[in-house]
Amino acid sequence: MALRAHIDTLNQLLAEAQRAAARDETLAPLRNLPNRAATDDVGPLVRDGVPAYQSAGVRFRLAEDRVRELLMGEQLYGDPALAIRELYQNALDACRYREARTEYLTRAHDRTLPWDGRIRFVQGVDEHGRGYLDCSDNGIGMGVRELSEVFSQAGVRLADLPEFLEEQAEWGRLDPPVQLYPNSRFGIGVLSYFMLADELTVETCRMGRDGQAGERLRVSIAGPGSLFRIQDLGPGTETGTTVRLHLREGITVGSVEELRKLLWVAEFATEANDGVQSQHWAPGELSTAASAIDDEDEEEEGVGGGFVAAEGSRVWWCKGNGALLADGLYAGKEIFGAVVNLNRDLAPRLSVDRTKILAYREDDVDRLLWEAVPALTAPGTTLLGYDWLCRLAPVRPLVADLIFEQAIERGHGKWEMDGETVDAAITGCFVANDGPVGGPDELVEWRLTALAAGGRYRKVLKPGPDWRRALRSRPSDALLLSVDVDGTGPWLDPVDIVPLVHLVRAARKTGRSAPEVAARLSTLGFEPSVGAEAVGVDPDDLIFTSRDVDGTRPWLQPDQPVHLVHLLRAAHKTGRSVHQVVARLRQLGFDVDVDVDVLPLEQFGPKDLIIASRDLDGSHPWLDPREPVTLLHLLRAAHKVALPADETAARLALLGYPLDSGWDSLVTEPDDLVLISRDLDSTSPWLDLAEEVAPVHVLRAAERTSRPVAEVAARLRSFGFRLGGNLDAIEVVKLEPEDLQLASRDLDGSQPWLDSSRPVPLIHLLRAAESTGREVREVAARLAACGYRVDIDPDAILIDHLEPDDLTITSEDLDGSDPWLDPMKPVPTIRILRAAQRTRRTVHDIAARLTFLGYAVSLHGAGPSLDQVEPDDLLITSRDLDGSQPWLDLEEQVPLPHLLQAARRVRRPVHEIAARLETLGYTVDVDLTSIAVDSVKPNDLLLASTDLDGSRPWLDASQPVPLNHLLAAAQKIRKPIEEVSTRLRALGYSVPDVDTRLPRLRPGGV
């Protein structure tokens, strides 16, 4: 059967060859081919009277009706309006075909065939009141053969016809050859028409190979499964095709509106009219509808509106987001700064419904943009601006560099930056809103030098005559100087040698070679690693050097060793050998302290990645080879991969991990995961080796596993856990229903449990008694029986119930909930004062109640007595000086701005405020004798605030004031930077000397 099918195909080819040879003398040798091949004597081999095989002609077949329904339905295309895209693209192919045939006839036969392609859409209502949509073109047209073998055959394209291949061969003999680039990819688009229509009418006339019009045909198609009714209307005079869609009832699609959204650049003159509105597309021009996506971006400072068209009708520069077009049609791929039409030979690969670009050559886009730069930088264009160029640089660094250099050469050197006109030939172009960037001091100083020299910060910073010699930055420099090659911090440290891997990543990102990147970094004053000339570029470099082997950050650090696990993952991901991965990483400067020649690499598999990951999920974070693997991890790993503990340990050792002592005697048991899980459910969260295991966990684990308490305790100790509480007391204890509630810190029967390393506080006993309705002595006795330490003698407790305010005054935030005051620490006077304010009780009452509740009330050394509290104490100890939360932290130093603000707030001298805060237990590490506090001005507090708003957070007095803060502050108050420095020094801050720090002519070096 298979051979017969092949013979049928061969016979079709033989017939086609005979027809072609009859028309073309150059193909005369083909006339000697046989007319047909026969299969009459073909059959299975017979052995011993039995055929070698049987065939009933069975093969995979398509359910025609179901497939046709799929191809004409919304399941494939999604949006019925996409049928309009198909109409246009088929008309485009027809016009391209005629254009190519006309070119061939003109060049090969010296014939004059004037022709301009035209596509027209008309939507309306016919004489029967039925809606229709016509798509007309004056393209190549169709004959009976094209109708029967292409138009009617799903999956067959024009380019599949032998006639087309033969004609294409003729075109190829010309120099240069005639080229035709059909946009049809799948040959199934015609069926999408039936998403809008239930009937089609086609009128067409084919242009012959001689350039003459053939017969006019009318085709009526009553439905997707119906036979074609073809009528011969006689000789034609104009070639082309009109497809009429007889619209289904209820279809409301507007052809003009849909085409406006889809068709951004028409290749041939195109027009559309739906009876309400109309639109004309001149060939090779960007349509007005394309501006809609660009208008969504906010207007940028210094950037004019509209588009700048480049020669060739393939690139239009725009101020915001543009798009990549596929043969002039929008396909969902937006890019910044330009509309790029990838048409004909550059057409991208599209999804089946043609609404998404699946693949294209990025080099093609860069080349087109590169060629279009002169149009953007031509004299008189207003689109180009500083921020626009900074937005383009991260995605098109080479193009941005070229634009910048040409812009300066061609008179675009004066740009607006924050309302100031600067000379870009001096300032260069670095990052958007260039100015007080963060990062190393050297980088900040270099940018301030160049910007001030170019005319920025005129009112606050006076440049010297030599500042103009600062190295001019390129748009791509921000990428080269950023650690992640993304144009943002963190930045390279000028004192460190730039690692080779950074050169390779920067080369990949910017489109330059590693030596070119190294040369530029050297010019910028940095010291690149030796070896840039030989390092080259490997297509898998980004995967090799990314922590998660996904080609993106976070990256491996060159100063940290690469572990075997990473090598295995990288090899698996890329299909490369581990030896190749090691060699490349070493070439990039990484420390790979693994001898892969002695390792049984073929034995490693997915289980090894699992046991080497901290969370046993085969991904980051990984175990640290510098630290021994804990018995707890070994135990969990063994259970996870279902291997014995010793075998799991051996695999970890093979991976290069040291093991904690005791691993050789570790044996897994079925209940292990239950014992070490916080919720006793064998899953995370797990017990923490750094914390004591609570007695109640031991009791619950014993009950859950039906094992003795002593056995559970011994097992947990063998894993390295420390057990808290009196374990001897709980060996015979059986948990009661309320035990979990009593032992839980929040009295809800769940974690967190009481801290078994400390005595149970009285407040917990009282809360538990009230919550359970039991006597305090019963609660104390039960907790002691459960292994908790109860140091309070129930007979010595002076209170036996909680008062309404007790939870409030014993909670850290005075809100009656966790966290609670620590009974082991004395309660400061200011804390008592706040509690009194919150509960509207006297400080004496609060102090007495806290004492009854088991807290030590301290006046903090030589602090005030309760009778000496002052009305202003709450104000000056509140961060916002309003006598309420948030409060100053007793563990932190009080900053000078707070003292100044507090003094103004309560109208007292600063030194009195400082003394009072120290009396209340705060640390005031400010030498007020060295500060002229009486001369402090209102703006000084603004200067000392990190956000320059006169409020916290404040500058850190222990650190020098950053240079970029000085600049921002000077701009904020519109004063010279020297005046800002003087004011901050008067407040006791360490301020850099601008005269010695500037100018800096490049970001690296001395």
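The following legends describe several views of a predicted model of one protein chain.

**View 1. The whole protein chain, with its extent and its secondary structure.**
In this predicted model, the secondary structure of the protein chain comes to 40 helices and 19 strands. The C-alpha trace spans about 120 × 95 × 70 Å along its principal axes, and the radius of gyration of the protein chain is 41 Å, whereas a compact globule of 1006 residues would have one near 30 Å. Of the 1006 residues, 50% count as buried, and the accessible surface of the protein chain comes to about 47800 Å², with 50% of that surface belonging to carbon and sulfur atoms. Among the contacts with a separation of 6 or more, 62% are accounted for by residues 24 or more positions apart.

**View 2. The open sheet of eight strands.**
Read across the sheet, the strands follow the order β7-β6-β5-β8-β4-β3-β9-β10, and their pairing is mixed. The edges are formed by β7 (228-235) and β10 (278-281), each of which pairs on one side only. From one strand to the next, the twist averages 10 degrees.

**View 3. Strand β3 between its two partners.**
Strands of a sheet pair through backbone hydrogen bonds, and this pairing is either parallel or antiparallel. Strand β3 (residues 118-125) pairs with strand β4 (residues 131-137) in the antiparallel sense over seven bridges, while the pairing of β3 with β9 is in the parallel sense and runs over five bridges. On the β4 side, Arg120 has Ser136 as its bridge partner, and Val122 stands opposite Asp134. On the β9 side, Arg118 stands opposite Ala269. The hairpin of β3 and β4 has five residues between the strands, and in this hairpin Gly129 takes a positive phi near 80 degrees.

**View 4. Two helices that lie across strands of the sheet.**
Helix α5 (residues 144-151) lies across β5 (197-207), β6 (213-221) and β7, and its direction makes an angle of about 45 degrees with β6. Helix α7 (residues 255-262) lies across β3, β4, β9 (269-273) and β10, running at about 35 degrees to β10.

**View 5. The nonpolar cores.**
The largest nonpolar core of the model has 225 residues, and those with the most contacts inside it are Trp317, Leu716 and Leu984.

Helix α25 (residues 695-705) is largely enclosed by the rest of the structure, because nine of its 11 residues are buried. These buried residues are Pro695, Val696, His697, Val698, Leu699, Arg700, Ala701, Ala702 and Thr705. Their cover includes the helices α24 (672-676), α26 (709-718), α27 (727-730) and α28 (739-743). Leu716, which is named among the residues with the most contacts inside the largest nonpolar core, falls within the range of α26 (709-718). Just after α25, Ser706 takes a positive phi of about 60 degrees.

How values were computed
Residues numbered from 1 in each chain as written. Predicted model: local features only at pLDDT ≥ 70, side-chain atom pairs only at ≥ 80, totals over all residues. Heavy atoms only, no water. Pairing = 2+ DSSP bridges. Helix = DSSP H or I, 4+ residues; strand = E, 2+ residues; numbered from the N terminus. Axes fitted to C-alpha atoms, helices over the stretch in contact; angles between N-to-C directions. Contact = heavy atoms within 4.5 Å. Core = buried A, V, L, I, M, F, W, Y, C linked by side-chain atoms within 4.5 Å. Buried < 20%, exposed > 50% of the residue type's maximum accessible area, 1.4 Å probe, protein only. Rg over C-alpha atoms; globule rule 2.2 N^0.38 Å. Areas by Shrake-Rupley, 256 points an atom, 1.4 Å probe, with all protein chains shown as cover.
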